[in-house]
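Here's a friendly walk through a protein model, piece by piece. Have a look at the fold, and then we'll go through it together.

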Amino acid sequence: MIGLLGGTFDPVHCGHLDVARAARVRLPLEKVLLIPSRTPPHRHAPRAGAADRLAMVRAAIANEPGLEASTIELDAAGPSYTSATLDRFAAAGVDTHTLCFIAGADAFAEIPTWHQYPELLDRCHFAVVSRPGLPAERLRTQLPRLASRMISVNENQAYTTPSQASIFLIDASTAPVSSTDVRARIARGASVEGLVPDAVAAYIDAHRLYQPEAHGH
Ligand code: ATP
Ligand code: MG
């Protein structure tokens, strides 16, 4: 399987890398593609432009074997629906049942609002990774109708790619950080050391991203 981690990545941070690594270690994934979204369907427009968000993802994973950046959503017109992304993989000859869409527990809890729900769930595998304070296991009670497809992924257990489209639940430790935090800290001049990879912090500095709008001299 190939993992797909979609996100705004505005900017990419250490929590995102922890999610990608946890999925890669716990599931039989050859690699994980980080896919910056173009116009996120469920939210406000990103603060940083597409080119900067992509450049930060590339900088973040430069030394990470098994993680790659994909421009499949940035290259397409229109909003970045997961279903449309699967269509694009299918059009490129990929069997979408070899794909595993990865989401944090906060994002996956919203899946009933996603485009082409519930058919979407039959098109590929999903992996849900816990977010600090949000255990992946909680999805069983939050989304009881989907509980029968959920597979709890335990450490030290080997998983093979199931034939039925499944929802893997992964409880893992991920950095307690969000892009919203990172943007707010930069805007007030606070450090983001340890919250984003050093190469991303350097990029943000060099390109003066996320600075407060008005700056009297
Ligand atoms: P924002 O605050 O702007 O929403 P974010 O930190 O949530 O940013 P996104 O780009 O929205 O980042 O997230 C992309 C994916 O990564 C989502 O599925 C989200 O749930 C997941 N994710 C982000 N940060 C974490 C984290 N610290 N732990 C687990 N999952 C995370
Ligand atoms: Mg988010």
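## Ground rules

Helices (H or I, at least four residues) and strands (E, at least two) are DSSP runs, numbered from the N terminus. This is a predicted model, in which local features need pLDDT of at least 70, side-chain atom pairs count only at pLDDT 80 or more, and totals for chains, interfaces and linings use all residues. Residues are numbered from 1 along each chain as its sequence is written, chains are lettered from A and ligands numbered from 1 in the order in which they are written, and side-chain values use heavy atoms, leaving out hydrogens and water.

## The sheet

Start with the open sheet: seven strands, paired in parallel, in the order β3-β2-β1-β4-β5-β7-β6. (Two strands pair if DSSP finds at least two bridges between them.) The edges belong to β3 (67–69) and β6 (150–153), and each has a single partner strand, so one side of each has no neighbour in the sheet. On average, neighbouring strands are turned by 25° against each other, direction ignored.

Now zoom in on β1 (residues 2–7). Six bridges join this strand to β2 (residues 31–36) in the parallel sense, with Ile2 partnered by Lys31 and Leu4 opposite Leu33. To get from β1 to β2 the chain passes through α1, in a right-handed β-α-β crossover (with the strands pointing away from the viewer, the path from the first strand over the helix to the second runs clockwise). β1 also pairs with β4 in the parallel sense, over four bridges, and there Leu4 has Phe101 as its bridge partner.

## A helix across the strands

What does α3 lie across? Helix α3 (residues 82–91) lies across β1, β2 and β4, running at about 155° to β4. Such angles run from 0 to 180 degrees between N-to-C directions, with axes being lines fitted to C-alpha atoms, for helices over the stretch in contact; contact means heavy atoms within 4.5 Å.

## Who lines the pocket?

Among the residues lining the second largest pocket are Ile186, Val192, Asp205 and Arg208. (A pocket is an open set of points on a 1 Å grid over the protein atoms alone, where a 1.4 Å probe fits, with protein on both sides within 12 Å along at least five of seven lines; lining residues have an atom within 4 Å of a point.) Helix α7 (residues 198–206) gives the largest share of this lining, three residues.
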